[in-house]
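Let's take a walk through this model, beginning with a pair of helices and then moving on to the pockets.

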Amino acid sequence: MADERITMAHGAGGKMSQQLMQEVILPEFANPYLNELHDGASVTMSGRVAFTTDSYVVQPLFFNGGNIGKLAVCGTVNDLSMTGAVPRYISVGMILEEGFLIEDLRKIAHTMREMADEAGIAIVTGDTKVVERGKADGIFINTAGIGDIIPGTSISPHHVKPGMKVLLSGYIGDHAATVLAGRHGLELPDTIKTDCAPLNSLTRAMLEAAPDIAVLRDPTRGGVAAVLNEIAEASHCGVLIDEDALPIREEVRGVCDILGFDPLYLANEGKCIAFVPAEEADKVLAVMRENPYGKDACLIGEVTAEAPGQVGLRTAIGGIRIVDMPLGNLVPRIC
């Protein structure tokens with residue numbers, strides 16, 4: 001393309017829109033469904049279907065280990081996976097700001113294609129709009145996804161019972177710490193990067209090992225604290241977790257100390273929380289640790305009949321403090 005930046009003409013539906021599609025979008029996303037370039041895609045599904053949608057407005061757009069495109073694909077794949085589904089197809093809608101670098105769009109689209117390939121899904125339909133300079137902060141992305149529910153699974157917080165174990169797939173807070181460091185100019189070791197990843201292979205292996213897993217959730221906005229509170233309230237059970245069992249990197253603790261955050265409330269984009277029958281916990285943990293995205297999986301707590309609807313944290317000195325639901329979005333523009 002002769003143009004280096006997005007112009008209003010790229011969103012007008014004419015030759016420049018067509019050129020943007022042919023030279024930037026299709027080379028990355030091309031597949032038999034999308035190549036029809038119809039108003040929608042005709043796809044094949046069977047049995048129970050999961051459906052989700054999400055929008056991504058992260059700032060900055062690029063950060064250590066990822067970008068907004070990686071978030072968009074992985075976030076939708078993970079939302080489907082947490083319902084007990086095998087993700088199949090997603091749509092992508094992009095709102096571009098006039099003046100946005102086309103080279104940056106190429107990088108984002110390429111990352112999206114890489115993540116779709118890893119997850120084994122197809123980007124089958126989409127839309128692109130362009131708004132005036134200063135109206136969209138570069139690029140916003142909306143995705144929707146559909147997948148087949150794995151037979152025999154029934155994911156719902158209403159299945160959570162006292163005695164169940166709470167499993168976590170790995171270190172928390174890495175994504176939020178990485179984005180915050182980039183936003184505030186903080187220096188972090190290169191080893192600290194977003195945990196953003198497609199978790200469908202992990203969750204599928206877990207469900208094949210133990211179809212009666214009660215709940216799977218990815219602790220994104222609001223972090224582990226928000227997810228545990230939501231499940232405790234919906235199940236009318238208590239949840240008690242151990243402070244010493246929580247996997248938190250020292251560098252993430254450092255960012256939290258500087259900026260005044262609690263790691264329990266930081267967003268993650270490649271982690272899974274599972275509520276598992278006690279007799280299945282060891283088996284599920286073993287399966288999780290065999291997957292690259294679950295190699296640091298651990299047991300962090302259990303479900304109790306006491307204090308229904310509340311989450312407690314057993315501290316290192318033996319006391320218990322209440323972990324409240326966050327009042328609002330502590331870290332805006334994190335995904």
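Predicted model: local features only at pLDDT ≥ 70, side-chain atom pairs only at ≥ 80, totals over all residues.

Start with helix H5 (residues 200-209) and helix H8 (residues 281-289): their axes come within 9 Å and cross at roughly 150°. Angles over 145 degrees count as roughly antiparallel, so that is how H5 and H8 run relative to each other. Their crossing is right-handed. On the H5 side, the contact is made by Leu 202, Ala 205, Met 206 and Ala 209, and H8 answers with Lys 283, Val 284, Val 287 and Met 288. Sort those residues by class and you get 7 nonpolar, no polar and 1 charged.

The largest pocket holds about 580 Å³ of space. It has 25 lining residues, and the closest to its centre are Met 21, Leu 37, Gly 126, Asp 127 and Thr 128. Which elements give two or more residues to this lining? They are helix H1 (15-29), strand E4 (85-97) and strand E5 (122-131). H1 provides the largest share, with 7 residues. By class, the lining of the largest pocket splits into 11 nonpolar, 12 polar and 2 charged residues.

The second largest pocket has about 370 Å³ of space. Here 22 residues form the lining, and Thr 194, Asp 195, Arg 249, Lys 271 and Tyr 293 lie nearest the centre. The class tally for this second lining is 6 nonpolar, 7 polar and 9 charged residues.

Key:
Residues numbered from 1 in each chain as written. Heavy atoms only, no water. Axes fitted to C-alpha atoms, helices over the stretch in contact; angles between N-to-C directions. Helix = DSSP H or I, 4+ residues; strand = E, 2+ residues; numbered from the N terminus. Parallel < 35°, antiparallel > 145°, perpendicular 65-115°, else oblique. Left-handed = near helix turned anticlockwise from the far one by under 90°. Contact = heavy atoms within 4.5 Å. Nonpolar A, V, L, I, M, F, W, Y, C, P; charged D, E, K, R; others polar. 1 Å grid on protein atoms, 1.4 Å probe; cavity = no way out; pocket = protein on both sides within 12 Å on 5 of 7 lines; lining within 4 Å. Points joined across faces, edges and corners; volume = space filled by probe spheres on them.
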